[in-house]
Amino acid sequence: MAASRSLTRFWEWGRKIICVGRNYADHAKELKNAVPTEPVLFLKPPSAYVKEGSPILVPAYSSNLHHEVELGVVIGKGGTAIPRQSAMDHVAGYALCLDMTARDTQDECKSKGLPWTLAKAFDTSCPVSEFVPKEKIPDPGNVRIWLKVNDQLRQDGSTSQMIFSIPYLISYISEIITLEEGDLILTGTPKGVSSVQEHDELQAGIEDIVSMTFRVDRH
């Protein structure tokens with residue numbers, strides 16, 4: 001594989017970010033949403049990626065930006081209608097991700113029955129860690145993900161609490177949207193989402209396997 005297309009730098013060339021909403025029952029309940037019977041999907045563009053060293057920017061139109069810590073699944077082998085039994089063969093590795101959400105904008109979109117694009121797809125709405133090779137997380141269905149704001153623990157959950165498993169999601173998504181090498185799937189967030197302000201520092205981790213730190217700034 002050419003160096004310019006290394007999966008360890010998927011954020012530089014991966015073509016899409018597919019996000020799963022409400023995949024932890026406690027998070028659905030904290031936002032007063034029904035627990036879904038099938039996955040809720042939305043997209044972020046690759047321009048949403050931001051890496052450590054650059055700030056998370058609060059959109060000018062939002063005054064209630066929320067953090068959502070998530071396990072990201074990096075696709076290493078593309079496919080359409082991937083069977084659940086072989087879904088994990090398509091995974092190259094993982095990344096720790098934040099799904100930054102303009103909650104006030106999302107609430108407005110939901111009340112009007114409009115898409116969530118303005119709430120979810122803005123620049124810097126997808127902070128990601130370094131690539132984590134698959135063998136470092138042998139059981140992605142049972143790892144702890146956590147997030148602190150200014151050193152205070154806000155989110156602390158396990159992927160074992162997911163409603164829809166990673167193989168199920170890969171199979172389900174690929175029936176609708178062909179998955180390609182370098183794509184990222186955000187698998188949902190546990191409870192504990194809350195608002196962040198300008199100058200806040202966010203620290204997040206997957207157990208002690210990988211961690212990352214971001215500052216919040218305004219446009």
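This is a predicted model: local features need pLDDT of at least 70, side-chain atom pairs count only at pLDDT 80 or more; totals for chains, interfaces and linings use all residues.
**Exercise 1. Decide whether the salt bridge between Lys-44 and Asp-99 sits among buried or exposed residues, and say which parts of the chain the pair ties together.**

Start with the distance: the closest N and O atoms of Lys-44 and Asp-99 are 2.8 Å apart. Now place the residues. Lys-44 belongs to strand S2, while Asp-99 is in the loop between S7 and S8, so the pair links parts 55 residues apart in sequence. Then check accessibility, where buried means under 20%. Lys-44 has 3% and is buried; Asp-99, with 1%, is buried as well. Finally, look around: a network of salt bridges links Lys-44, Glu-68, Asp-99, Arg-103 and Lys-120.

**Exercise 2. Sort residues of helix H3 by side, then explain the spacing of its Glu-108 and Lys-112 pair.**

First, pick out the buried residues of H3 (residues 103–112): Arg-103, Thr-105, Gln-106 and Cys-109. They span an arc of only 155° around the axis, so they share the same side of H3. What do they pack against? Helix H2 (25–30), strand S5 (65–66), strand S8 (101–102) and helix H4 (117–120). Over on the other side, Ser-111 and Lys-112 are exposed.

Now the pair. Glu-108 and Lys-112 meet through their side chains in a salt bridge, 3.3 Å from N to O. They are 4 residues apart in H3, which means about one helical turn separates them. In general, an α-helix has 3.6 residues a turn, so residues three or four places apart point the same way. As for accessibility, Glu-108 is partly exposed at 46%, and Lys-112 is exposed at 53%. Just past the helix, Gly-113 takes a positive phi of about 70°.

**Exercise 3. Describe the surroundings of Thr-187.**

Locate it first: Thr-187 is in the loop between strand S13 (184–186) and strand S14 (195–196). Its relative accessible area is 0%, so Thr-187 is buried. The Thr-187 side chain reaches the backbone oxygen of Leu-71 at 2.7 Å. Beyond neighbours within four places in sequence, its contacts include Val-20, Tyr-24, Glu-70, Met-162 and Leu-169.

Key
Residues are numbered from 1 along each chain as its sequence is written. Side-chain values use heavy atoms; hydrogens and water are left out. Buried means under 20% relative accessible area, exposed over 50%, partly exposed in between (1.4 Å probe, protein chains only). Helices (H or I, at least four residues) and strands (E, at least two) are DSSP runs, numbered from the N terminus. The arc is that of the directions from the helix axis to the C-beta atoms. Contact means heavy atoms within 4.5 Å. A polar contact is a pair of N or O atoms within 3.5 Å; within protein, one must be able to donate a hydrogen and the other to accept it, and residues adjacent in sequence count only if both atoms are side-chain atoms. A salt bridge is a side-chain nitrogen of Lys or Arg within 4 Å of a carboxyl oxygen of Asp or Glu.
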